[in-house]
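Here is a short tour of one protein model, written to be read alongside the coordinates. Keep your viewer open and follow along.

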Amino acid sequence: MKIVHIEDFFHPEAGYQINILPKYMVRAGHEVTIITSEADKAAKQLTGFFGTDGIAEKDFTYTRDYGVKIIRLPLRAFISGRAVFTSALYRTIENEKPDVLFIHGNDTLTGMRCLLRRKKLSYPMVMDSHMLEMASKNRFKKAYRQIYRKIFTPILLKNNIPVIRTQNDPYVEKCLGIPLEKAPWISVGSDTMLFHPDEARRAAFRKEHKIPEKAFVALYAGKLDEDKGGMLLANALCKPFTTGRELVFVIVGKTVGEYGLQVEKMLSKSANRILRFPTQKYAGLAEFYQAADAALFPKQCSLSFYDVQACGLPVVFEDNSVNVDRAAYDNALLFRAGDAEDFRAGIMKMAAMPAKQYDSMRRNAVSLIKKSYDYADIAQQYMDCLTKTVQQYWGERGRPL
């Protein structure tokens with residue numbers, strides 16, 4: 001099957017769903033192309049974190065390593081996190097002649113424009129949704145939802161276009177009027193080709209950085225911005241921890257802007273040992289996860305939850321609705337959202353946990369990923385949905401030549 005993914009922003013060294021899913025599809029024997037935007041015009045919060053230097057060479061490496069073709073197209077602009085493609089997008093789709101279009105983000109401007117143009121594109125479509133109701137903060141969201149319900153939801157339903165939910169959240173039904181039976185949930189997960197426990201790497205990292213074997217290493221990897229709770233983390237790490245064993249904190253990521261300066265100022269006052277590392281390539285994160293004993297998420301919880309769990313790391317994170325579900329397997333500890341002292345208490349509880357209980361949490365984390373969140377299995381669930389959509393679209397006669 002020839003699958004064309006359409007994604008507003010793609011960086012070949014990131015670890016988003018769009019980075020992982022296509023390579024598993026190629027591995028299963030499919031021809032896969034990603035159509036995306038030129039990197040320089042992407043949203044600053046994305047380019048500032050990932051960078052755009054040498055993007056052509058990085059695209060080449062991704063294609064060489066995984067067999068996924070990448071096509072970058074010019075943009076008119078990137079507005080409010082949404083790419084505004086030129087009409088070259090539609091010509092490129094026609095030139096590729098896909099068996100199916102996988103449009104990432106049913107609520108992006110790109111996704112909505114493709115829905116309006118569906119008759120001219122004349123290919124089966126599958127969309128996905130990464131939105132949670134608690135993450136919807138736009139001040140115009142009420143008007144947007146009404147417009148979507150009136151114009152776009154009827155198109156989706158009339159044309160049997162599934163919207164795959166990447167989170168088990170009712171946002172698409174509650175806010176956009178898309179029935180859940182038309183919006184199957186296929187979770188994100190972990191690329192277990194990269195992420196798994198590795199005792200040799202753990203020992204090598206600790207030796208290189210002079211970390212005692214019995215020290216407890218707590219890791220944070222990601223953006224140190226307001227959305228991810230950079231200041232909450234800095235506040236939590238300011239005072240010393242008393243747990244009966246040495247604590248070492250590893251922070252992977254950088255700060256940006258005035259908020260970042262305040263985070264750096266607070267971290268510089270910490271009474272604890274903190275090892276700092278710059279933003280890493282997605283594949284390079286594995287050695288940090290494998291060296292640590294726990295992962296910290298001061299606010300929200302990114303897709304890296306699945307990767308740290310695949311490496312056997314129990315997690316300390318806030319008690320939002322998504323995290324409560326994720327912590328239901330005795331694999332994590334919750335703290336009150338926004339409460340630095342309760343966050344500290346969770347870290348200390350994890351570090352002081354009896355060995356038997358802690359080892360059980362590690363095993364539960366790895367088992368959870370292997371059972372339900374391994375991309376080898378997840379990719380097949382996506383392929384089942386794509387295949388069903390293609391069959392429904394072309395019918396028993398198959399696609400015309």
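In which helix is Gln 380 found? Gln 380 belongs to helix H17 of this predicted model. Because its relative accessibility is 43%, Gln 380 counts as partly exposed.

The largest nonpolar core has 62 residues, and Val 250 and Tyr 289 have the most contacts inside it. Helix H17, which spans residues 375–394, gives the most to this core, with 9 residues. Apart from it lies another core, of 38 residues, including Ala 14, Ile 103, Tyr 144 and Phe 152.

Leaving aside neighbours within four places in sequence, Tyr 289 is in contact with Phe 195, Leu 219, Ala 221 and Leu 313, among others. The list also includes Ser 304, Asp 307, Val 308 and Cys 311.

## The six-stranded sheet

Next comes the sheet. Six strands form an open sheet in the order E3-E2-E1-E6-E7-E8, and their pairing is parallel. At the edges are strand E3 (69–73) and strand E8 (163–165), each pairing on one side only. On average, neighbouring strands here are turned by 20 degrees against each other, direction ignored.

Look at one pair in detail: strand E6 (residues 100–104) and strand E7 (residues 125–129) run in the parallel sense and share 4 bridges. Within this pair, Phe 102 stands opposite Val 126 in E7.

## Helices on the sheet

Helix H1 (residues 17–27) lies across strand E1 (2–6), strand E2 (31–37), E6 and E7. The direction of H1 is at about 160 degrees to that of E2. Helix H3 (residues 55–66) also packs on the sheet, where H3 touches E2 and E3 and makes an angle of about 150 degrees with E3.

Where is the place of Asp 107? Asp 107 sits in the loop between E6 and helix H5 (109–116). Asp 107 is buried yet has no salt bridge. The nearest side chain of opposite charge, Arg 82, is 5.1 Å away, so the pair falls outside the 4 Å cut-off for a salt bridge.

Not counting residues up to four places away in sequence, Asp 107 touches Arg 82, Met 112, Met 131, Tyr 144 and Tyr 148. One of these, Tyr 144, is also among the residues of the 38-residue core.

Methods:
Residues numbered from 1 in each chain as written. Predicted model: local features only at pLDDT ≥ 70, side-chain atom pairs only at ≥ 80, totals over all residues. Heavy atoms only, no water. Core = buried A, V, L, I, M, F, W, Y, C linked by side-chain atoms within 4.5 Å. Buried < 20%, exposed > 50% of the residue type's maximum accessible area, 1.4 Å probe, protein only. Helix = DSSP H or I, 4+ residues; strand = E, 2+ residues; numbered from the N terminus. Contact = heavy atoms within 4.5 Å. Pairing = 2+ DSSP bridges. Axes fitted to C-alpha atoms, helices over the stretch in contact; angles between N-to-C directions. Lys, Arg positive; Asp, Glu negative; His and termini not counted.
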